[in-house]
Amino acid sequence: MSSKAGNFLRWFLIGLVVIAIAVFSFVWKPAIDPLPAVPDGFTDEQLERGKNVAAAGVCVVCHTAPDGQPNAGGLPMETPFGTIYSTNITTDLDKGIGNWSFEAFDRAMRRGIARDGSYLYPAFPYTHFTHLTDEDMKALYAHMMTQPAVNVEPPKTELPFPLNMRPLMAGWNLLFLRRGPIERADNESEEWNRGLYLTRGAGHCAACHSPRNALGAEKSGENYLSGGEAEGWIAPALNDQSPAPVPWTQEALFAYLRYGFAGDHGAAGGPMAPVVREGTAKMAEADTRALAVYLASLNAGGEEEEASDRAGEITEKALLTLSPPLTEGARLFNSACLACHHAGNGPTLFGVQPKLWLSSSLYLEKPDNVVRYVLDGVHNPANPDLGYMPAFRHYLNDQQIATVVNYMRTSFTGHAKWDNLPETVSRLRKDVENE
């Protein structure tokens, strides 16, 4: 080998070593020493503030397994990359986070890195929590450190290779984690800016209501809050692309977020029901109002009177399709649905009677939400006063459900029917059975 070639090889190897050291230094994060006991000494003001931050972030919803103890983890979250199980965030010193210092807690919330130095998957929305103010982060820590300890070990998340190599998340974070405070809009009110902060920070609304790219990161820009998916449900757009037939006003949004029902839209269901029940209904009322103010500004909601007039027009047209029931779809609707979903000219049975012709779900490009409601009803409403809906999976076959769903779609909205609907019903029936 010539001396020139030898020198090239030597410098090449040195370069590789330097690159390897740089990559290791970038990826590797040290463990933070555990505390000997759960910290205390928090002020009442911190605890009250932290309780509100936790409600805004609906921590308990994702960190509680079906029939499990609050915050003990174990909720399976289906993603395109595999099933991710939420972790135990109680104060248990062994299974939970009771021995985490504030430094460790803050790092996990802002950077997605656990106390032991391992990387968290962004199913945990640290890309949003990173925007919390220091005061809110300290208050949330105080709240979490005063919650009961639960000695439960959730199932381990085991994604397929190479996704099981958590250090790869360092590259993902480099691409998609944008840290720092949320920039205020000086031309908007304090209430609007508070709503912006809650939406993009603790509330992490875009985690469900924005589409994601091939690497699982939320799309931004014009795609922000333009609709996404969560737990097999379609999360409709919250911006000016909203499919709602009646514009969302501030009052309608407040009622929906606070009580789980808005007369001109319907009731919170699917994954949104626990968000209301454990989150927007429990946070400070002023914060729920701020969310409504901000989201209404994105939706170009218009005036209350205008929205009410629009709802009346749609209802009047829908009622004309119900009688006489000339088609099989109309007959199925009249026999299975109309007793509860009428326009106020029938008996009050199981709570509120949502006017289905005003439901955003009927105006979506895909029928999944409507089919899921018909198959499995509503058993855990946003609050008990809203009432319950029976499941029809054992009473109607796939073709019958497809018929009544497409009847509602075409008659109430004027949109074209959903294609291949019996196959969709069959798929969703099996999906729910396997959950």
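In this briefing, a residue is called buried under 20% relative accessible area, exposed over 50%, and partly exposed in between, using a 1.4 Å probe and protein chains only. By that scale Lys 156 is exposed, since its relative accessible area is 59%.

Welcome to a quick tour of this predicted model, in which local features need pLDDT of at least 70, side-chain atom pairs count only at pLDDT 80 or more, and totals for chains, interfaces and linings use all residues. Residues are numbered from 1 along each chain as its sequence is written, and side-chain values use heavy atoms, with hydrogens and water left out.

**The chain as a whole**

- The protein chain has 17 helices and 6 strands; helices (H or I, at least four residues) and strands (E, at least two) are DSSP runs, numbered from the N terminus.
- Its C-alpha trace spans about 95 × 60 × 50 Å along the principal axes.
- Of the 435 residues in the protein chain, 48% count as buried.
- The accessible surface of the protein chain is about 22,500 Å², and 56% of this belongs to carbon and sulfur atoms; accessible areas come from the Shrake-Rupley method with a 1.4 Å probe, and for residues only the protein chains shown count as cover.
- Among contacts (heavy atoms within 4.5 Å) in the protein chain with a separation of 6 or more, 64% are accounted for by residues 24 or more positions apart.

**Salt bridges**

- There are 17 salt bridges in the structure, each being a side-chain nitrogen of Lys or Arg within 4 Å of a carboxyl oxygen of Asp or Glu.
- Side chains of opposite charge can pair when their charged atoms come close.
- Lys 156 pairs with Glu 153, their closest N and O atoms lying 3.3 Å apart, and Glu 153 is partly exposed at 42% relative accessibility.
- Arg 212 bridges to Glu 218 with the closest N and O atoms 3.7 Å apart; Arg 212 is partly exposed at 36% relative accessible area, and Glu 218 is partly exposed at 24%.
- Through shared partners, salt bridges link Asp 94, Lys 95, Glu 153 and Lys 156 into one network.

**Around Asn 88**

- Asn 88 sits in the loop between strand E2 (82-85) and helix H4 (102-111), and is buried, with a relative accessible area of 3%.
- The side chain of Asn 88 makes a polar contact with the side chain of Thr 90 at 2.8 Å; a polar contact is a pair of N or O atoms within 3.5 Å, where within protein one must be able to donate a hydrogen and the other to accept it, and residues adjacent in sequence count only if both atoms are side-chain atoms.
- The Asn 88 side chain also reaches the backbone oxygen of Val 152, at 2.9 Å.
- Not counting residues up to four places away in sequence, the residues that Asn 88 touches include Asn 71, Lys 95, Val 150 and Pro 154.

**The E1–E2 hairpin**

- Strand E1 (residues 76-79) pairs with E2 in the antiparallel sense over 4 bridges; strands pair if DSSP finds at least two bridges between them.
- A hairpin through 2 residues joins E1 to E2, and Glu 78 has Thr 83 in E2 as its bridge partner.

**A nonpolar surface patch**

- Phe 161, Met 165 and Leu 168 make up a nonpolar patch on the surface, with about 350 Å² of accessible area together.
- Patches are made of residues with over 30% relative accessible area and no salt bridge, with like charges joined within 9 Å and nonpolar side chains (Val, Leu, Ile, Met, Phe, Trp, Tyr) within 5 Å.
- Met 165 lies in the loop between helix H6 (134-144) and helix H7 (169-176), and is partly exposed at 40% relative accessible area.

- In helix H11 (residues 272-280), the buried residues are Ala 273, Pro 274, Val 276, Gly 279 and Thr 280.
- The cover over the buried residues of H11 includes helix H2 (44-56), helix H3 (59-62), helix H10 (250-259) and helix H12 (285-299).
- Leu 396 belongs to the loop between helix H15 (368-376) and helix H16 (398-413), and is buried at 13% relative accessible area.
- Leaving aside neighbours within four places in sequence, Leu 396 is in contact with Leu 332, Ile 401 and Arg 429.
- Leu 396 and Leu 375 are 21 residues apart along the chain, and 8.5 Å separates their C-alpha atoms.
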